[in-house]
Amino acid sequence: MRRVLRDIFSFGDRPFFERIVLLVFVVVVLIFPWFVESAYARAVMIKFLLFALFALGWNLIGGYGGQVDLGQAKNVGFGAYATALMMLHWRTPFWLTVPVGMFFATAESFAVAYPMFRLRGHYFAIATLCVALAWKELFVFWDWTGGARGVEIPIRPTPNFTYMQFGEVGYHYFIFGLFMAQFLFMNWFRKAKLGYELQAVRDNEDAAASLGINVTGTKVKAYCITAALGAIGGSFMTVYYLYIDPEMVMPLDLSILIAMTVMVGGAGSIWGPMIGAAALIPLDMYLGAWLAGGGYYGIDFIIYGFIIMIIAAYEPKGVWGIIERIIKGR
Amino acid sequence: MLLEVESLVKEFGGLVANADISLELEQGEIVGLIGPNGAGKTTLFNCIAGYYKPTSGKVFFDGNDITAWPPHRVAKMGIARTFQALRIMPLLTVEENIIVGAFCRTANRQNATKNAREILELVDLTGEAHAFPPELPIATQKRIELARALATKPKLLMLDEVAAGLNPLETKEIIQTLIRIKEESDLTLFLTEHVMEFVMTISERVIVMAAGGKIAEGPPEQVAREERVIEAYLGERYAKGR
């Protein structure tokens with residue numbers, strides 16, 4: 001037990017400067033609402049933390065596992081809809097809906113995982129994409145889930161911890177808490193047996209099998225854990241936006257953006273997801289809004305695409321790979 | 001009897017890669033498997049380790065019928081192997097490569113790390129522990145594979161052409177490492193090589209394959225004199241002309 005706790009909180013194996021940067025990051029996020037008054041900037045920060053959270057989860061299958069899963073939005077949707085529907089129909093408190101969303105995401109992933117992992121590489125990516133799209137269509141045409149109109153959560157007049165409704169500052173600390181919990185989980189995971197096994201499978205399946213690792217079993221486990229982590233962020237989206245529809249929580253764009261965040265930041269590293277979210281979300285929220293304000297819709301997507309092309313061509317390990325190289329070259 | 005292969009046949013379409021192979025390995029033996037390129041040595045290894053399903057025949061290990069078991073279950077039973085073409089995990093450090101092997105017997109990271117460090121020392125890799133394998137020479141990468149296989153604490157270690165691509169000095173070093181490993185444990189070694197010299201110096205017993213079949217078996221000096229073996233290596237004319 002003590003050993004597990006030490007693995008969760010210890011960054012002792014990382015270089016000194018990385019630990020300092022992490023500390024600075026945590027302190028800056030903690031005091032952020034005290035010195036930034038702008039509601040828009042606060043919303044950008046919350047969206048950054050939300051996507052950093054999504055990226056952390058996807059990094060498990062996509063980074064450590066090396067499986068390009070383009071269906072994470074379905075798991076976000078399961079989390080979001082579990083929270084929304086249980087609150088709407090049965091007035092269930094938020095914290096009871098989260099495990100239900102995680103359970104559905106895990107169960108669905110387990111059910112589709114075995115046939116899916118008979119496929120490799122691009123074919124696997126296409127299969128994940130199709131499954132996610134099929135679920136989205138189902139939610140669009142299903143009346144009980146509100147169909148394409150979506151679900152609205154009744155607004156509470158006062159801050160409320162049962163349904164997790166409060167002001168912008170409250171949401172800031174709420175998502176930061178979720179983010180840190182997931183971040184520390186990943187810090188434990190990368191040192192755990194399954195973490196090592198997953199990386200071995202990514203690097204060489206034959207070698208992994210020769211060391212007693214069940215290749216398919218390891219992939220399935222990673223796929224299911226990733227699903228559960230994605231659902232947590234979905235639950236947050238419901239109580240933060242107070243309105244969800246399939247086009248918002250389950251679209252293809254979301255799956256791709258999550259995968260892209262990790263790849264831009266650096267797949268398979270502990271810092272990559274945060275770096276990716278820090279690079280893409282402010283770009284989207286500021287540059288995109290500024291260009292759209294001038295009537296130049298879509299220019300930000302061209303810039304997006306350009307950044308991704310550059311990184312894919314020159315540094316497959318993403319921004320973190322570039323940083324690491326600079327440090328080592330010193 | 002540690003390993004017993006019973007009339008194993010492996011066909012790929014019309015090609016018979018292993019034709020009715022039977023062999024036995026005792027606990028603690030060092031057995032060499034030799035034969036020219038394409039004799040079916042690696043196919044036999046793959047059938048034993050579960051990478052190929054034999055067309056017919058049986059494989060018994062430690063009293064269990066392990067025929068056509070998946071590779072990870074065979075590894076858990078205690079058969080470790082290295083690959084002829086290197087299969088290193090390139091994004092993990094040398095030490096992490098070996099820790100993955102050590103996780104085969106323990107779920108505890110501290111124990112796995114401890115075992116890995118002991119093995120690093122045993123194969124003289126302590127200095128390279130934090131390097132990434134692709135940065136290292138082939139001879140070192142071969143050592144990493146050997147170390148990784150040892151980390152799974154096998155009863156039987158199968159080495160597939162561990163000396164291929166090494167110069168004579170490096171070959172000598174790896175022989176010394178293997179002898180040291182043997183001194184410290186009661187490991188059974190089963191090794192293939194198409195370079196005779198390597199197998200002849202280390203093996204207590206040699207099995208010779210040619211064109212998918214087993215053609216000879218016995219102590220190295222005796223096997224080297226057999227006409228069929230010379231024929232398989234050098235061709236009919238040389239054998240007759242002697």
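Predicted model: local features only at pLDDT ≥ 70, side-chain atom pairs only at ≥ 80, totals over all residues.
β3 spans residues 30–34 of chain B, and 5 of its 5 residues are buried, so the rest of the structure largely encloses it.

What does β3(B) pair with? On one hand there is strand β8, residues 188–193 of chain B, which pairs with β3(B) in the parallel sense over 5 bridges. Leu33(B) has Thr192(B) as its bridge partner in β8(B). There is also strand β9, residues 205–210 of chain B, joined to β3(B) by 4 bridges and again running parallel. In β9(B), Ile207(B) is the residue that stands opposite Leu33(B).

Let's zoom out to the sheet itself. This is an open sheet of 6 strands in chain B, ordered β6-β7-β8-β3-β9-β10, with mixed pairing. The edges are taken by β6 and β10 (213–218) of chain B; each has a single partner strand, so one side of each has no neighbour in the sheet. On average, and ignoring direction, neighbouring strands of this sheet are turned by 20 degrees against each other. For an antiparallel pair, look at β9(B) and β10(B), which are linked over 5 bridges. Within that pair, Val206(B) has Gly218(B) as its bridge partner in β10(B).

Chain B also has an open sheet of 4 strands, with the order β2-β1-β4-β5 and antiparallel pairing. Here β2 and β5 (64–65) of chain B are the edge strands, each with a single partner, so one side of each is left without a neighbour in the sheet. Helix α1, residues 41–49 of chain B, packs on this sheet and touches β1, β2 and β4 of chain B, and its direction makes about 65 degrees with that of β2(B). Inside the sheet, strand β1 (residues 3–12) and strand β4 (residues 56–61) of chain B run antiparallel and are joined by 5 bridges. One of the facing pairs there is Val9(B) with Ser56(B) in β4(B).

Asp20(B) has a positive phi of about 50 degrees, although it is not a glycine. Where does Asp20(B) lie? The residue is in strand β2, residues 15–25 of chain B, and is partly exposed, with 14 other C-beta atoms within 10 Å. Chain A has a case too: Arg91(A), not a glycine either, has a positive phi of about 50 degrees. Arg91(A) is found in the loop between α4 (72–90) and α5 (94–116) of chain A, and is exposed, with 10 other C-beta atoms within 10 Å. As background, most residues other than glycine have a negative phi.

Now for chain B as a whole. The chain holds 10 helices and 10 strands. Its radius of gyration is 18 Å, close to the 18 Å that the globule rule gives for 242 residues, so chain B is as compact as a globular protein of that length. Its C-alpha atoms fill a box of roughly 60 × 40 × 35 Å along the principal axes. Buried residues account for 42% of the 242 residues in chain B. Among chain B contacts between residues at least 6 apart in sequence, 64% join residues at least 24 apart.

How many residues does each chain give to the contact? Chain B gives 24 residues and chain A gives 19. On the chain B side, the elements that give two or more residues are α2 (71–77), β6 (79–81), α3 (94–102) and α4 (109–122). That side of chain B divides into 14 nonpolar, 4 polar and 6 charged residues.

Let me finish with the core. The largest nonpolar core has 146 residues, and those with the most contacts inside it are Ala52(A) and Ala147(B). Helix α3, residues 39–64 of chain A, provides the largest share of this core, 14 residues. Leaving aside residues up to four places away in sequence, Ala147(B) touches Ile98(B), Ile119(B), Leu120(B), Val123(B) and Leu125(B).

Key: Residues numbered from 1 in each chain as written. Chains lettered and ligands numbered in written order. Buried ≥ 20, exposed ≤ 12 C-beta atoms within 10 Å, placed from the backbone. Rg over C-alpha atoms; globule rule 2.2 N^0.38 Å. Contact = placed C-beta atoms within 7 Å. Nonpolar A, V, L, I, M, F, W, Y, C, P; charged D, E, K, R; others polar. Pairing = 2+ DSSP bridges. Axes fitted to C-alpha atoms, helices over the stretch in contact; angles between N-to-C directions. Core = buried A, V, L, I, M, F, W, Y, C linked by C-beta atoms within 7 Å.
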